[in-house]
Amino acid sequence: MSNLEEDATSPSVPDEVSLETRSSETSQDISPPPSYTQTANFTTTPQQTSGTRIANGFEQTLESGVSTASENVQPAITTTVRTDHDDVRSSRGLWPYDSCVIFACFSCVVGIYNISRFAVLVHVYKACFLVEFIILSCVFGFPFLYLQMALGQHLGSGLTDMWYISPAFKGVYTTVPISWLFLYFKDSFITTRDTYKWGQCHPKFGFRSCLESRNLSTDAYLGWSVPNYLHGRILERRPGAYDHKEEFKFEITFNLAIIWLLVFIILCKGIRLYGKLTYVIVIVPLSSLLIMSVRMMEVWGNALTELFDVQWKRVLIDSSSWFLTAREVFLTWVLYGGVILQLCSHNKATSNMTRNIVTVGIAGMLTLIISSFFSVCTMKSITVRNMTYVPSSYEIEQTIRCLQPLSKPTISRMNSTPINLVIGEIFPSSSGLSVTSGYQVLRLATEIFPSALAVQGVNIISSFWPICFYFMMIIFGLAQVTGMWIVVVESIIAIKPNILLGWQTVITLTSCIAGFLLGLPMTSKIGIYVLYFMDFCIGSLWWISVLYLVMLIAILFIRGRPYGTDQLVTVIAQSQSNQIWLLPILTFQWNVVLPISLMVLSISFLRSGNSWSIWAEYAEEYPFWAPWVKKLSVLIQVLPLILVVGVATFQGFRYLKPSSTQAFHERIQSWCFPVFASADITSSVIRDGANQTSTIGMINTAYEEDPPPKYTPPPSYSSATARMVVKFLNRRHSVLALATGQTTSSADSPSITSSVELVSYEPQPENSVSFLPRCASSFDLKTSEVLTI
């Protein structure tokens with residue numbers, strides 16, 4: 001009976017397999033026979049016995065068990081691999097339910113900033129933007145998201161965890177605008193005899209213009225009162241407020257502390273509590289959005305017909321509309337790809353990724369479309385009162401106006417080139433002043449919807465609806481920040497998982513406190529300027545697309561196995577019939593379309609976006625940033641690329657330096673695609689006498705517990721004698737091979753029927769340590785098998 005037949009009929013599969021190899025270099029190139037690992041039901045190639053492995057993004061040297069007898073003798077390598085894959089993943093946390101990952105991924109790709117940007121762009125480009133968004137999402141948005149999900153589930157966590165600690169920067173500055181919404185939410189609790197506070201003039205920033213307009217006894221003052229509430233009441237700005245850097249606003253600081261406290265409560269118990277709470281923080285705001293949209297469409301639903309009343313040919317051939325759509329697709333499906341990868345690493349090995357990507361994609365698309373319908377109806381409620389929305393700019397009092405009568409001419413937004421950043425948008429200023437940027441944060445929540453409430457009044461739009469709206473926006477923002485911050489916590493733990501995993505609650509608390517402290521400068525009177533600076537740096541997007549392009553090339557083209565498309569397809573589709581048609585489609589999408597798309601996007605974002613044109617022309621005249629701030633912005637965008645190049649260069653010098661133990665091609669292999677000790681493991685499931693094999697992906701060895709010490713009984717007389725005979729015959733075989741100058745073919749080498757995992761048939765020098773196979777307790781080497789060697 002062959003080895004495979006014996007293994008198929010074995011009653012159980014051991015949990016651990018220990019590999020020990022001892023080999024030595026000789027003057028002749030003798031090809032070793034194939035390695036056998038029938039006990040664990042997976043194959044270990046000779047290349048998988050390298051002396052290094054990667055765990056959590058760091059290279060670790062495998063333990064050396066025997067000192068070499070000479071310089072040419074390779075040290076022994078001992079690794080431990082577990083076959084209970086889900087048990088290893090559960091040591092760092094699995095989702096409590098399979099659908100948790102769907103809600104977590106949805107909360108990352110759809111947030112308050114996506115909803116706000118989408119609403120504004122649909123108002124500008126009408127239904128054409130929806131068509132362009134769907135097309136570009138299918139071209140490179142969904143395929144990239146699918147790749148990140150597949151990599152996350154295949155890796156099973158964190159071999160590249162430290163690549164994605166960048167969400168810390170986005171998580172810090174995106175929490176500050178959420179703290180503003182708490183004040184809108186509080187001031188929404190009014191009676192029918194009151195008026196909304198953003199319909200009144202407040203002292204400080206913009207008060208004079210608001211008061212002058214109100215004395216004219218027209219609704220034109222509402223165009224000043226709505227932004228006056230934000231800048232004067234919430235931000236407490238004054239003209240020249242950027243000179244008072246030491247003043248912090250108590251209400252915003254307190255609200256920011258509440259946000260980080262909620263983030264800590266959700267993440268304090270790890271992935272299992274967070275997975276259960278994702279149902280609440282996603283379903284509740286979605287329900288609120290659906291109810292409000294239905295209500296707005298009941299009153300102003302005729303605006304949806306105007307949504308499709310557009311010059312299709314003019315917009316579809318407009319390059320600026322496609323450019324803005326590409327930016328929005330990137331911001332929605334690609335920007336948080338690293339977060340999606342980390343979230344999917346908590347999946348079970350058998351999770352259905354195709355179901356996950358389809359559900360997240362369809363749900364995200366429908367949510368954005370419904371939010372656009374809501375915004376269109378909100379705009380209609382403004383126009384029926386002979387008012388129209390105009391883009392504002394945050395810098396000075398003369399440019400914060402957001403409404404004006406329809407009788408006055410306005411700047412055509414179809415002919416302008418707005419830029420959608422991460423948390424805000426840049427539009428041309430309605431005043432035409434060259435010193436302003438046209439930037440504003442969360443236009444839907446801070447300008448458009450408050451304007452509709454102020455114009456219609458509490459008798460038409462009840463206070464119940466702004467309460468639902470701002471509660472929905474707060475929960476959406478909290479869900480997105482929580483999804484990003486769990487990646488930061490796990491990235492810190494991944495540095496030393498065996499030590500830091502037990503301190504997860506403390507690390508979560510410390511990181512939340514650090515996030516709160518980093519957000520404090522944005523709660524001061526210059527907070528809006530800091531927000532614009534951070535949004536300008538991160539929202540340029542060209543350097544992020546370059547990073548993703550480098551990662552894509554490194555994984556699919558340089559690294560290859562076990563990350564190639566063929567390996568990922570085996571994880572995605574278990575059926576061979578599905579793999580046949582899915583493999584060419586995903587290979588074309590991931591290996592051709594995605595690299596070209598990211599390359600084109602990075603060039604377009606650099607040359608056509610704000611990062612190129614503003615620094616060439618506008619930034620030199622922008623009076624609100626000091627010269628050193630402008631240089632810091634360039635450094636923030638370029639520094640991640642410099643770090644990648646620097647690390648790659650350092651590792652190149654480290655691995656490619658001359659070595660007496662490795663050939664040049666082996667050093668290239670160690671540099672470009674180091675060996676993982678637990679890569680490409682397949683599990684066998686024996687059902688009804690049939691041996692069914694399925695790929696289960698990678699194992700994060702850094703989270704494995706050390707195996708308990710095993711008692712090794714002294715060798716019996718027969719096994720000790722057999723070892724002596726094998727050692728003697730190996731030496732004799734080596735002498736004969738060296739004398740005749742012939743190499744031993746792997747086809748002529750016998751296969752030993754045992755649980756020996758890796759057998760080396762290379763001739764051993766006289767002063768070297770020979771290979772001693774680890775034998776099972778029930779293994780007896782037969783004399784007939786020994787004589788055949």
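Predicted model: local features only at pLDDT ≥ 70, side-chain atom pairs only at ≥ 80, totals over all residues.
1. Ground rules. Residues are numbered from 1 along each chain as its sequence is written, and side-chain values use heavy atoms, without hydrogens or water. Local features need pLDDT of at least 70 and side-chain atom pairs count only at pLDDT 80 or more, while totals for chains, interfaces and linings use all residues.

2. The surface patch. Val131, Ile135, Val139, Phe308, Trp312, Leu316 and Ile317 make a nonpolar patch of about 590 Å² (residues with over 30% relative accessible area and no salt bridge, nonpolar side chains joined within 5 Å; Shrake-Rupley areas, 1.4 Å probe, only the protein chains shown counting as cover; a salt bridge puts a Lys or Arg side-chain nitrogen within 4 Å of an Asp or Glu carboxyl oxygen). Helix H5 (127–155) and helix H13 (312–316) each supply at least two of its residues (helices are DSSP runs of H or I, at least four residues, numbered from the N terminus). H5 gives the largest share, three residues.

3. Ile135. This H5 residue is partly exposed, at 41% relative accessible area (buried is under 20%, exposed over 50%, partly exposed in between).

4. The core. The largest nonpolar core has 192 residues, of which Trp180, Phe469 and Trp590 touch the most other members (buried Ala, Val, Leu, Ile, Met, Phe, Trp, Tyr and Cys joined through side-chain atoms within 4.5 Å). Helix H18 (residues 464–493) provides the largest share, 19 residues.

5. Leu304. This residue sits in helix H12 (residues 303–307). Its C-alpha atom is 9.4 Å from that of Lys380, 76 residues apart along the chain.

How values were computed. Patch = residues over 30% accessible without salt bridge, like charges linked within 9 Å, V, L, I, M, F, W, Y side chains within 5 Å. Buried < 20%, exposed > 50% of the residue type's maximum accessible area, 1.4 Å probe, protein only.
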